[in-house]
Amino acid sequence: GIRCGIVGLPNVGKSTLFNALTEAGIDAENFPFCTIEPNTGVVPVPDPRQDKLSEIVKPERTVPTTMEFVDIAGLVAGASKGEGLGNQFLANIRETDAIAHVVRCFEDENIIHVANKIDPLADIEVINTELALADLESVEKQYVKLQKKAKGQDKEAQKLLTLLDKAKPHLDQAKPIRSLELSEEELLILDKEFHFLTSKPTMYIANVAEDGFENNPHLDKVIALAKEEGAEVVVICNKLESEIAELEDEEKGEFLQDLGWEEPGLHRVIRAGYKLLGLQTYFTAGVKEVRAWTVKVGATAPKAAAVIHTDFEKGFIRAETISYEDFVKYNGEAGAKEAGKWRLEGKDYIVQDGDIMHFRFNV
Ligand code: GDP
């Protein structure tokens, strides 16, 4: 599956967030095809469009799509040199596709801060430095090997060396690869060859106190930094979220109403993670089931079909397609057909977010 790793210093609220996510999540037994490790949670992606579709189609069941969050054990300064759970931590991050970096923006004397002081920018720097150091180490390992090859007139090796020459000084300054100015192609090569930690898409989760959403200087600093980096910030009170997640549906509704919220803050975390991972949703809608499926933005119809079953991709003929807007506007498939909004798309069709699809395939 595609996974978002939750990282951050100890005691910033990572586990609290992770537990809230999984508490609100799906029983693993309902998803027999995923193997779930203890620190991995499969979380439904909240999507109001799906409820709308179910209102129209009235299926027997509605199945949301999901994404995975991984709680990655605490990082301390020196991790890249093997301090604490350092190596394990870095290995775990390497297996994720995106990073949610939790930053403590709440004061609470009862909860010790590893540096004895609430300073989100310093905290972020500790983590980012460790990740950059780990990448720097990978660069150094590869560099010597590539130099040998490059001497032997290996064109590929020469090209990679040029890239590493750009990456190295950047990492030396503890800056992430994702902020390096490279062409799309160069970035892809770096990603494929070196699996850098700091090239992963990253968002910040600012963990604030219940009354810390506004007039919070800690938060303001995180927002300013993220803006510089072009990163997203999700502001949330993890403690409150863990309380909300434990409530039964009815109580939950009342609780949210009292807060004046339309949905738990967790939903914003999940959606931000989904977006960060470059994912989008298409739907299948039949009387048995309305179901959401996840594809990468830019996926073709056969690739989307493969998410349901590889046979659908292999034997792909056509995809019957209705846009979400048309499906709703014309009150379902029959109406959309009548209005001429039902399309037969071929193998080059790029799936659009919200498409309602039905695949025709050979067996
Ligand atoms: P982790 O080490 O980053 O996983 O941090 P935890 O989630 O275990 O949280 C550390 C401590 O901080 C726990 O005692 C939590 O109850 C507490 N905590 C987490 N989030 C908040 C919050 O938003 N406000 C306050 N006051 N305490 C929190």
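This is a predicted model: local features need pLDDT of at least 70, side-chain atom pairs count only at pLDDT 80 or more; totals for chains, interfaces and linings use all residues.
## The ligand shell

The ligand is surrounded by 17 residues. The closest are Gly13, Lys14, Ser15, Thr16 and Lys239. Two elements, H1 and H8, each give two or more residues to this shell. H1 gives the most, with three residues.

By class, the shell around the ligand holds six nonpolar, eight polar and three charged residues.

## H1 against H8

Helix H1 covers residues 14-23, and helix H8 covers residues 238-246. Their axes come within 8 Å and cross at roughly 25°. Angles under 35 degrees count as roughly parallel, and H1 and H8 are therefore roughly parallel to each other. Their crossing is left-handed.

On the H1 side, the contact uses Thr16, Leu17, Asn19, Ala20 and Glu23. On the H8 side, it uses Asn238, Lys239, Glu241, Ser242, Ala245 and Glu246. The residues of this contact comprise three nonpolar, four polar and four charged. Thr16 and Lys239 take part in the contact between the helices, and both are also among the residues closest to the ligand.

## H4 against H7

The second pair joins helix H4, residues 120-151, with helix H7, residues 217-229. Here the axes come within 9 Å and cross at roughly 45°. H4 and H7 are therefore oblique to each other.

H4 contributes Pro120, Leu121 and Ile124 to the contact. H7 contributes His218, Lys221, Val222 and Leu225. Sorted by class, the residues of the H4 and H7 contact are five nonpolar, one polar and one charged.

## Annotated spans

UniProt, in an unreviewed entry, lists residues 129-156 as "coiled-coil region". In the model, this span is 89% helix and 0% strand. The C-alpha atoms at the ends of residues 129-156 lie 30 Å apart.

The unreviewed UniProt entry also lists residues 278-361 as "domain: TGS". Over residues 278-361, the chain is 30% helix and 37% strand. The end C-alpha atoms of this span are 27 Å apart.

## Points to check in the viewer

Start at the ligand, with Gly13, Lys14 and Ser15 among the closest residues. Then follow H1 to its contact with H8, where Glu23 of H1 and Glu246 of H8 are among the residues involved. Next, turn to H4 and H7, where Leu121 and Leu225 are among the contact residues. Finish with residues 278-361, the span that UniProt lists as "domain: TGS".

How values were computed: Residues are numbered from 1 along each chain as its sequence is written. Axes are lines fitted to C-alpha atoms, for helices over the stretch in contact, and angles run from 0 to 180 degrees between N-to-C directions. Helices (H or I, at least four residues) and strands (E, at least two) are DSSP runs, numbered from the N terminus. Angles under 35 degrees count as roughly parallel, over 145 as roughly antiparallel, 65 to 115 as roughly perpendicular and the rest as oblique. A crossing is left-handed if the near helix is turned anticlockwise from the far one by less than a right angle, and right-handed if clockwise. Two residues are in contact if their C-beta atoms, placed from the backbone, lie within 7 Å. Ala, Val, Leu, Ile, Met, Phe, Trp, Tyr, Cys and Pro count as nonpolar, Asp, Glu, Lys and Arg as charged, and the others, Gly among them, as polar. UniProt positions are given in the numbering used here, feature names are shortened, and annotations may be inferred rather than shown by experiment. A residue is near a molecule or strand if its C-beta atom, placed from the backbone, lies within 6 Å of it.
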